[in-house]
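Subject: Structure handover

Hi,

Here is the structure for your set. My notes follow below it.

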Amino acid sequence: MNRTLAQSLTAATVDFDQLENDYEPMLRLVRELIGVVPNCDPYLEIWPIGFRTYNLLVPNLLNLPASLVGQGAPKELLGLAMYSSSRAAGCMYCSAHTCSFALRRGLAPEVLVGENLNDTERAVVALGEGLGRVPASLNSRVLTEVERHLSPEDVEWLVLGIGLMGFLNKFMDAMGIELEPEAIADVQDLITQTGWSTGKHQWDDAQVVESNGLPPQDSIRTYLRVFRQGPRAARIESKWTKGVSGRAGAALMMLEEEIGYTFPVLASLHHRKPVKAIATVLRDNLDPARSAVGLTAKCFAGIVFARTVGNTMLLAELVQLAQSTAPDVDTELLIEIDQFAASPSDGANMPYGLTSAEAATIVLAKAASTSPSNVNEITISTVNQGLNAPQVIEIVVWLSVLQMMHRLYTYYDARLGII
């Protein structure tokens, strides 16, 4: 099996003992949700804003812990939406974890293999698949069908869960993170029959993982363990989100002041926790003082991503972001980068005048922006020659944030009847 980007960066990872020492409540919270602490954690902490991004998005876009006790969208449908979008995106790593998540929240196993779905479940699958594909296939007709069965508020929670999976799908798939044996054991008997396989996420081809049977459903003990971690995790989160409001207007004003640009799609969201988390993530990912690779390179990566996924609104906004955060960049260079993104990989001309880090960045962005990604040995060699480990993680995290935003923009367009 070909080496993955994650394998090439293993030497730079942060030890799990250090993560446990620094972020114990957050690691334990995820373990309660899916039964394991994901192998992505030591990679995300290579660029600490990456780990912070992940731990802001997971609880807030999943409405935790409230969703576990019946507040917001039905938790089993949330799991189904997350699973459907992950399968549509071709991320086998996240497909395993979201299968486990859905089963633990009470979704019937047969639904995950496409059997005996009711009308609501079929509508949720269509929503997940429509937002998960690249290019996206969600349209107003699909959204109208979902809203026939669920309230607009609950649909938004499903979309936010799918948006979270956009982030996770992109990071796990582009990096080729190793799937935990426990996660394989929980779901392989069920979803292997649907065409699922571990693929690049099982690094030892000779390793045989015995089945655990299906994972256990939530119980009162699950709730108690989750709620026990809540206050400690909230204290860490409050430090990260200091100065950020959950009201869309105030959050947009903060982004304008901090990074010189707003992302208007936030104004379409009604739930405050996700608005606050996403605004914080955008602020931190676009903070020049925290960037290892520089905002110019990140703007270039964003243009490549938006062109690759075919999101013209996001592309226009990322061009405006580039003009705001990197005003010295020539407009002609932005056009050349857009042409690079639109060209077939074997015929794409590298724009003239880029630094080695910027050239490696757009090569990585072009390979990683498809779903599933096209990161191969040539990509890895090029990337590792031009970027150090924190810079690689930063770019993949940024592309992952953009995939989340792409899904939110697509939902917004469908709501307006544009698609």
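In which loop does Pro65 lie? Pro65 lies in the loop between H4 and helix H5 (75-89). Helices here are DSSP runs (H or I, at least four residues; strands are E, at least two), numbered from the N terminus.

Some ground rules before the rest. This is a predicted model, so local features need pLDDT of at least 70 and side-chain atom pairs count only at pLDDT 80 or more, while totals for chains, interfaces and linings use all residues. Residues are numbered from 1 along each chain as its sequence is written, and side-chain values use heavy atoms, with hydrogens and water left out.

Most residues other than glycine have a negative phi, and most peptide bonds are trans. The exceptions are listed here.

- Leu64 and Pro65 are joined by a cis peptide bond, with omega about 0 degrees.
- Ser371 and Pro372 are joined by a cis peptide bond too, with omega about -5 degrees. Pro372 sits in the loop between H18 and H19.
- Asn63 has a positive phi, near 55 degrees. Asn63 is in the loop between H4 and H5. Its relative accessible area is 9%, so Asn63 is buried (buried is under 20% relative accessible area, exposed over 50%, partly exposed in between; 1.4 Å probe, protein chains only).
- Asn116 has a positive phi as well, near 60 degrees. Asn116 lies in the loop between helix H7 (109-112) and helix H8 (119-132). Asn116 is exposed, because its relative accessible area is 67%.

**Helix H19**

H19 spans residues 377-386, and its buried residues are Thr379, Ile380, Val383 and Gly386. They sit on the same side of H19, because they cover an arc of only 140 degrees around the axis (the arc is that of the directions from the helix axis to the C-beta atoms). Ile378 and Gln385 are exposed, on the face turned away from the buried side of H19.

What covers the buried residues? The cover includes helix H1 (5-8), helix H18 (356-368) and helix H20 (389-416). Contact means heavy atoms within 4.5 Å.

The N-terminal end of H19 is capped by Asn376. A side-chain oxygen of Asn376 lies 3.1 Å from the backbone nitrogen of Ile378. The cut-off for a polar contact is a pair of N or O atoms within 3.5 Å; within protein, one must be able to donate a hydrogen and the other to accept it, and residues adjacent in sequence count only if both atoms are side-chain atoms.

Ser400 lies in helix H20. Its relative accessibility is 0%, so Ser400 counts as buried. Leaving out residues up to four places away in sequence, Ser400 touches Gly166, Phe167, Lys170 and Phe171. Ser400 and Gly163 are 237 residues apart along the chain, yet their C-alpha atoms are separated by 10.0 Å.

Gln403 is buried, because its relative accessible area is 1%. Beyond four places in sequence, Gln403 is in contact with Val134, Gly166, Asn169, Lys170, Phe305 and Ser371.

Lys298 is in helix H15 (residues 295-309). Lys298 counts as buried because its relative accessibility is 0%. Not counting residues up to four places away, Lys298 touches Trp47, Asn285, Ser291, Val293, Glu394, Ile395 and Trp398.

**Cavities**

How many cavities of 30 Å³ or more does the structure hold? There are three. On a 1 Å grid over the protein atoms alone, a cavity is a set of points where a 1.4 Å probe fits but cannot get out, and lining residues have an atom within 4 Å of a point. Grid points are joined across faces, edges and corners, and a volume is the space filled by probe spheres set on the points.

The largest cavity has a volume of about 210 Å³. Its lining has 17 residues, with Val30, Ile34, His97, Met165 and Leu168 nearest the centre. Helix H2 (16-34), helix H4 (48-61), helix H6 (92-104) and helix H10 (152-175) each supply at least two of the lining residues. H6 gives the most, with five.

The lining of the largest cavity divides into 15 nonpolar, two polar and no charged residues. Ala, Val, Leu, Ile, Met, Phe, Trp, Tyr, Cys and Pro count as nonpolar, Asp, Glu, Lys and Arg as charged, and the others, Gly among them, as polar.

Best wishes

Terms used
On a 1 Å grid over the protein atoms alone, a cavity is a set of points where a 1.4 Å probe fits but cannot get out, and a pocket is an open set with protein on both sides within 12 Å along at least five of seven lines; lining residues have an atom within 4 Å of a point.
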